[in-house]
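Have the sequence handy as you read.

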Amino acid sequence: MRDGKNLLIFDLDGTLIDSVPDLAAAVNATLVDIGRAPFDEDTVRHWVGNGATMLVARALSGALTVDDNLPEATLQDALARFFAHYRAHTCVRTQAYAGVNEGLQMLKNAGYTLTMVTNKPFEFIAPIVQAMGWQDRFAISLGGDSLPTKKPDPAPLRHVCQQLNVAPQHAYMIGDSKNDILAGKNAGIDTLGLSYGYNYGQDIREQQPTAAFDSFTEMVAFLT
């Protein structure tokens, strides 16, 4: 283990898995339901990272910045439709990134405790974990609705540390977006950024993580 760290807190979407194909399909099915035009996957990719409500709000706004005049009733109706579509097709085209399956096992074998903190609603974690064959990988998994606040708020990361009785200085937060890096910094936890994820089209290095990598395999080599 590196630098006395024994706890790894992983983001999910854009870090361990590329879920955009299924998220985009659910978003576009929702838009078609309400008579709006769909978007291509690359556009939706830049909207992922702040949870389902924000994803749907961005789709309804057609932009990363949500329309201030978006009616709440419209958002809630679209969100319910999105959840229905995504529940039916949570893990059809979703795939683990290269090196993740082997890398998680290597990190666990090296003695790290693996956990997950995602802004994705909690109900969608288990189907994905099962589809990927990761049932025995994570000691704790938190979704964006598991606690009153989500990343970049530090509360979910602090909760994981408290539950496992690990001091923040003995953990790494690992993710692909500024929300992951900010959450780690806000919690006093060192951060590892991955450049291949979503992050709204921005370079993760702009967020100044403790270290940054262009592949999961590179990060595993750094940790082991």
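A quick word on terms: axes are lines fitted to C-alpha atoms, for helices over the stretch in contact, and angles run from 0 to 180 degrees between N-to-C directions. Helices (H or I, at least four residues) and strands (E, at least two) are DSSP runs, numbered from the N terminus. This is a predicted model, where local features need pLDDT of at least 70 and side-chain atom pairs count only at pLDDT 80 or more, while totals for chains, interfaces and linings use all residues. Residues are numbered from 1 along each chain as its sequence is written, and side-chain values use heavy atoms, with hydrogens and water left out.

Start with helix H1 (residues 20-33) and helix H3 (residues 52-61): their axes come within 11 Å and cross at roughly 50°. H1 and H3 are therefore oblique to each other (under 35 degrees is roughly parallel, over 145 roughly antiparallel, 65 to 115 roughly perpendicular, and the rest oblique). Who touches whom? On the H1 side, Leu-23, Val-27 and Leu-31 meet Leu-55, Ala-59 and Leu-60 of H3, with contact meaning heavy atoms within 4.5 Å.

Now for strand S1 (residues 7-10). Leu-7 and Ile-9 point one way, Leu-8 and Phe-10 the other, and all are buried (under 20% relative accessible area, with exposed over 50% and partly exposed in between, using a 1.4 Å probe and protein chains only). S1 has these pairings, where a pair needs at least two DSSP bridges:

| Partner of S1 | Sense | Bridges |
|---|---|---|
| S4 (residues 113-117) | parallel | 4 bridges |
| S6 (residues 171-175) | parallel | 4 bridges |

Leu-8 has Leu-114 in S4 as its bridge partner, and Phe-10 stands opposite Ile-174 in S6.
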